Amino acid sequence: MRVNYQVNATPQFRILSDDQCQEICSAAFQVLEDTGFELYSDSKEISNLLSESGALVEGRRIRFPSFVVQKALDTAPEVLTVYGRQGNRATSIEIRPNHICYGLGSGCVQFLDPRTGERREYHREDAATVARVADALPNIDFVQSLGTIHVHPNLVDVYEFAEMIANTDKPIVTYARTLGIVQVIHQIATAVAGGEKEFVKRPNYLVLGSPASPLFAEVEPTKRVVYCARHRIPYISCTAPTCGGTSPATLAGTLVQSTAEVLTELVIAQTANPGAPFLVGGVLSVMDMRSGILSYGAPELSLLCAAFAEISRYLGLPYYSTAGATDSKLVDEQAALEGTFSLLLAGLSGANMIHDTGFLESAIVGSLQYVVMMDEVIGMVKHVLRGIQVTPGSMATDVISRVGPGGQYLTDDHTMEHFRTEFWFPTLLDRKPWEAWKGAGEKSLGKRAQEKLNHILNDHRAPSLPEPTRERIHTILAEAETKAAKR
Amino acid sequence: MSNILVRMSEAVIEGDVDAVVGLTEQALNEGLSPKDILDNGLVSGMDHVGIEFKEGNMFIPEVLLSAKVMHASLDILGPLFAETGTRMVGKVIIGTTQGDLHDIGKNLVGMMMRGAGFEVFDLGTDVAADVFVEAVREKTPDIVGISALLTTTMAGMHDTIEALQEAGLRDQVKVMVGGAPVTSGFAQKIGADGYAPDAPTAVDMAKEFVSA
């Protein structure tokens with residue numbers, strides 16, 4: 001029997017040591033104590049809440065003694081589950097250290113038409129289509145709208161949410177730009193979940209928010225943090241600094257600032273309701289110094305987001321990362337390589353939820369063709385992250401002996417027994433010999449991805465919501481529309 | 001061209017703040033007019049920076065440093081323009097639209113416009129339509145530039161254009177818009193005079209507006 005045996009169940013990946021995580025967190029605590037953050041405008045409600053937490057409030061500048069941050073870290077849960085829309089377990093996401101899953105992103109203003117590929121404005125119906133396609137893809141675990149609709153500002157995220165929840169069982173991550181919008185979305189989500197109590201037991205969506213960089217917060221988004229905490233809506237505090245623009249040009253400096261920023265929202269959330277579900281989030285990248293954009297394809301994005309995953313784990317907080325996006329204007333070679341690069345690194349980093357698959361043009365354009373292509377990559381990534389099992393059975397020395405020198409394994413029982421589970425099978429990537437590939441139509445990956453998308457668009461039906469629920473949503477929307485029209 | 005002006009251009013291009021102050025004083029002592037110094041010492045340097053930037057050979061921090069150098073010289077020359085009644089290339093008011101706090105892009109545009117010889121008044125961020133209108137009334141600019149990074153605040157650009165219309169000021173200015181979610185289609189829809197996808201293009205467009 002083998003003793004003193006250390007096993008890697010999966011590949012192992014670290015960017016920062018625990019000591020480095022500790023250094024960064026200590027520096028972040030110091031920033032919060034010395035510099036603090038600032039509210040963009042006055043708010044008695046938020047100032048009072050923060051004073052209550054023990055923070056030092058001087059006008060709009062808030063500083064946090066480290067015990068205040070520590071208190072918040074102590075009550076914040078490290079583990080939570082987000083369920084399918086009606087509390088279903090089948091599509092639930094288990095959020096616990098080093099458990100990964102992948103999903104889409106939101107906020108793009110333009111959309112590649114799923115059928116024609118035309119670059120156009122994003123419409124309300126697209127949210128339904130995106131949800132339906134995401135519902136069909138095996139490697140997409142949570143859904144975001146891939147866009148943003150040009151409608152009344154008080155309805156924009158509401159329509160997207162209503163369309164998505166009607167077209168997928170999988171958990172949804174949504175923007176909710178104002179307090180009013182969260183309230184309407186929450187009405188819809190709780191209606192589908194079966195009531196407020198049911199929702200608290202089995203939350204079916206998450207709200208995506210963001211502190212502003214560097215180190216400031218507008219009042220309305222901050223009130224949204226409080227609302228989510230009080231209603232136990234899992235809230236993602238996703239900071240999006242650009243190195244050299246809104247955060248230090250050195251990567252460690254950006255990590256320190258980002259940690260400080262998400263901790264300010266954590267304190268607010270935990271003070272409002274200790275134990276409220278809260279995720280650290282990051283779209284950390286460089287400012288491209290030619291174009292001024294936050295680069296989604298930059299290697300630094302993957303490096304920073306992975307390091308941030310380790311810092312979150314060090315602090316005992318769940319983490320929402322970024323991958324599967326590109327700065328390319330097309331679903332082309334650049335898109336393929338940038339998306340693959342980031343999806344692999346994010347998976348290795350052990351981030352709990354990895355978002356933004358499907359983003360082209362640095363988050364300006366959403367593309368379902370790209371999502372379909374990247375879904376294939378996620379499958380490959382997951383297969384590699386399974387690692388290699390080394391057991392007497394898997395080492396197969398008896399088989400090696402049986403087959404013998406010069407033999408072949410194709411007809412051996414062992415091959416039959418194992419190849420289906422041991423190997424990864426592409427659905428999109430092509431391995432045919434040239435003649436066969438030519439005979440099949442000489443198709444590129446892009447073309448095959450489009451065909452797969454067409455099949456999904458034509459054939460996939462998401463399970464529909466019960467009629468009373470659909471009616472309830474309809475009523476909620478009508479009320480929201482009336483209210484919006486009045487303003 | 002006189003040697004001192006060439007050296008000033010170089011100071012701008014290389015981002016040498018210390019050198020430019022001395023060179024400005026020296027140029028004035030040599031009897032060169034503030035306008036000459038501006039056009040052939042400073043703007044010529046920034047023009048080169050603009051070209052290098054567009055071609056991807058110079059980066060944003062370097063452009064901003066060059067702009068800083070130019071401002072250091074303008075601090076000395078500015079009061080002298082007023083004395084001699086010299087006009088700058090044009091007058092621009094810029095700001096980020098109401099409800100939006102993003103300003104890096106706007107700042108870059110402002111700096112590059114100054115670099116091209118425009119007089120720029122930056123109203124900052126979260127600028128309401130009536131604030132734009134009041135600034136136009138007060139400063140009588142040639143151009144109003146509005147920036148937005150959020151789709152939810154873009155409507156504010158339309159509000160500002162309408163407010164200018166209502167105040168009877170719309171015909172006196174050219175309105176340019178920009179920002180990540182903004183498109184030329186949107187600019188047309190809201191009645192703007194132009195859309196620029198980046199700072200160098202914004203400067204070129206501004207130059208066209210004032211020379212028309």
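**Figure 1. Strands β18(A) and β19(A).** Strand β19 (residues 365-367) of chain A runs antiparallel to β18(A), and two bridges join them. Look for Leu360(A), which stands opposite Val365(A) in β19(A). Strands here are DSSP runs of E with at least two residues, helices are runs of H or I with at least four residues, and both are numbered from the N terminus. Two strands pair if DSSP finds at least two bridges between them. This is a predicted model, in which local features need pLDDT of at least 70 and side-chain atom pairs count only at pLDDT 80 or more, while totals for chains, interfaces and linings use all residues. Residues are numbered from 1 along each chain as its sequence is written, chains are lettered from A and ligands numbered from 1 in the order in which they are written, and side-chain values use heavy atoms, leaving out hydrogens and water.

**Figure 2. The open sheet around these strands.** In chain A, four strands form an open sheet with mixed pairing, in the order β8-β7-β19-β18. At its edges sit β8 (119-121) and β18 (359-360) of chain A, each pairing on one side only.

**Figure 3. The chain around the sheet.** Chain A has 18 helices and 19 strands. Its radius of gyration is 24 Å, close to the 23 Å that the globule rule gives for 487 residues, so chain A is as compact as a globular protein of that length. That radius is taken over C-alpha atoms, and the rule is 2.2 Å times the number of residues to the power 0.38. Along its principal axes, the C-alpha trace of chain A spans about 80 × 55 × 50 Å.
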